[in-house]
Amino acid sequence: MTGTPLANQRVLITGASSGIGAGMAAGFAEAGAAVLVNHHGQAHEAAAVVRQIIERGGRAAEAEGDVSRPADIKAIFDAATQHFGGVDILVANAGIQKDAAFTEITLEEWRAALDVDLTGAFLCAQEAVRRFRRQGLDPSRSKALGKVLFTSSVHQEIPWAGHANYAAAKGGVKMLMETMAQELAPEKIRVNAIAPGAIQTSINQAAWGTPAARRRLLKLIPYGRIGQPQDVADAAVWLASDAADYVVGATLFVDGGMSLYSNFAHGG
Ligand code: BGC
């Protein structure tokens, strides 16, 4: 994307110290937004993300906090207000995996994935919407009162053996997003999601880290390459910008065709 489609916009990205979140932080800054980089216990990495944005002439600051804790969420949003005067876009991106075979998933692992991937997204979105209302519509920033963008996953649709907690959380994100979008559209709050496929980050290193794993993974991706954080960032910038003003309640799959049941390309 060229130009600065997000000039004057303030974005809060959760889980922005690494992976897709860090890529989105860079992409949103490039598009002209001021970026609040949230992280949880990754001060060094978050500082590097902020530094790179500032070195390229952008605006960014960091705020530590666990998205599953309401008190932390308030502090993260307050940091955005303190640094930039408010928030126009929330990217609820923070996510974790706690992988295990179904009968081996502990209650702790179940709760950890649901707490961050679903409850954390809910709590951040709720806080964002309350703040959008208090801020009011400012046409010099955006046509919308506010935008919420969830980082979901292809696994909001594709069942995933060995990952029941993660898949359940992402299925929840899908209905959370669609219900919020329906409820809040009359207030000019746009709620959408991105569903990334296999993006090369540390969360899925086991899936691309060796040549054999990479070969197996590529069989699942019709487009023939593993995604990069920038692929997601470009789509996210567009979805959050006024260029997508009529896009409400949509999930944009950024997955190289992973969700197209590629096994059916031959057979069926
Ligand atoms: C997961 C990755 C996985 C990808 C495709 C993502 O949501 O976090 O670990 O590689 O889906 O299966």
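Trp160 is partly exposed in this predicted model, with a relative accessibility of 29%. Its ring pairs edge-to-face with that of Tyr166, and Tyr166 is buried.

**Aromatic pair**
- The count of aromatic pairs comes to 1.
- That pair joins Trp160 and Tyr166, with 5.8 Å centre to centre and 65° between the planes.
- The pair counts as edge-to-face because planes over 60 degrees apart fall in that class, and the angle here is 65°.
- Tyr166 has a relative accessible area of 9% and is therefore buried, whereas Trp160, at 29%, is partly exposed.

- Asn8 has a phi near 75°, a positive value in a residue other than glycine.
- Asn8 sits in the segment before strand E1 (10-13), and its relative accessibility of 43% makes it partly exposed.
- Tyr261 is not a glycine either, yet its phi is positive, at about 50°.
- Tyr261 belongs to the segment after strand E7 (251-254); its relative accessibility is 64%, so it counts as exposed.

**Helix H8**
- Helix H8 covers residues 229-240, 12 residues in number.
- From first C-alpha to last, H8 reaches 16 Å, close to the 16 Å expected at 1.5 Å a residue.
- The buried residues of H8 are Pro229, Val232, Ala233, Ala235, Ala236, Val237, Leu239 and Ala240.
- In an α-helix, residues three or four places apart point the same way, because there are 3.6 residues a turn.
- The cover over the buried residues of H8 includes helix H1 (19-30) as well as the strands E4 (89-92), E5 (146-151), E6 (189-196) and E7.

**Second largest pocket**
- A probe the size of a water molecule, rolled over the atoms, shows where empty space is left.
- The volume of the second largest pocket is about 370 Å³.
- Its lining is made up of 19 residues, and those closest to the centre are Ala26, Gly27, Ala29, Glu30 and Arg56.
- H1, helix H2 (43-55) and H8 each contribute at least two residues to the lining of this pocket.
- H1 gives the largest share of that lining, 6 residues.
- By class, the lining holds 9 nonpolar, 7 polar and 3 charged residues.

Definitions and conventions:
Residues numbered from 1 in each chain as written. Predicted model: local features only at pLDDT ≥ 70, side-chain atom pairs only at ≥ 80, totals over all residues. Heavy atoms only, no water. Phe/Tyr/Trp six-rings, centres within 6.5 Å; stacked < 30°, edge-to-face > 60°. Buried < 20%, exposed > 50% of the residue type's maximum accessible area, 1.4 Å probe, protein only. Helix = DSSP H or I, 4+ residues; strand = E, 2+ residues; numbered from the N terminus. Expected span 1.5 Å × (residues − 1). Contact = heavy atoms within 4.5 Å. 1 Å grid on protein atoms, 1.4 Å probe; cavity = no way out; pocket = protein on both sides within 12 Å on 5 of 7 lines; lining within 4 Å. Points joined across faces, edges and corners; volume = space filled by probe spheres on them. Nonpolar A, V, L, I, M, F, W, Y, C, P; charged D, E, K, R; others polar.
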